[in-house]
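Here are a few notes to read alongside the model. Have a look at the fold first, then go through the points in order.

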Amino acid sequence: MAVRAVRGAVQLERDEAGHMDERVGALLTAILERNSLVADDLISVWFTATPDLRSDFPAAAARGLGIVDVPLICAQELDIDGAMPRVVRILAHIETNLSKAGISHVYLGATGALRKDIAQ
């Protein structure tokens, strides 16, 4: 097994805790499914949120999915003029047999424009 990193992002329509849980949960689920992973394959997950998101911690969505024994941390994204608003990003460290090139990075909806080079 190798240690790899997988990226992802999702844009929220509004800053509401329930909406954040729904969208971040969908992102985490897509990352796991597209890479044939289960929660036990996760080593740790970093979440960042743009400064306009204050309703909840993105990591709460992971806990809601039953990911309870994986270290999670949240941080605020840089406040850059012109940056896409209401975005949660994920950097997950995983154990997998996939090669680096075989990792599916997941950018849902409009966030695909953030990383056209790796978005699936």
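1. Let's start with the strand pairing: E2 and E3 run parallel to each other, joined by five bridges (strands pair when DSSP finds at least two bridges between them). Helices (H or I, at least four residues) and strands (E, at least two) are DSSP runs, numbered from the N terminus.

2. A word on the model: it is predicted, so local features need pLDDT of at least 70 and side-chain atom pairs pLDDT 80 or more, while totals for chains, interfaces and linings use all residues. Numbering starts from 1 along each chain as its sequence is written, and side-chain values use heavy atoms, without hydrogens and water.

3. Now the core. The largest nonpolar core has 29 residues, and Val24, Leu42, Val45, Phe47, Val88 and Ile90 touch the most other members. Core members are buried (under 20% relative accessible area, 1.4 Å probe, protein chains only) Ala, Val, Leu, Ile, Met, Phe, Trp, Tyr and Cys residues, joined through side-chain atoms within 4.5 Å. Strand E1 (2–11), helix H1 (17–34), E2, H2 and strand E4 (87–96) each supply at least two residues, with H1 giving the most, seven.

Terms used: Buried < 20%, exposed > 50% of the residue type's maximum accessible area, 1.4 Å probe, protein only.
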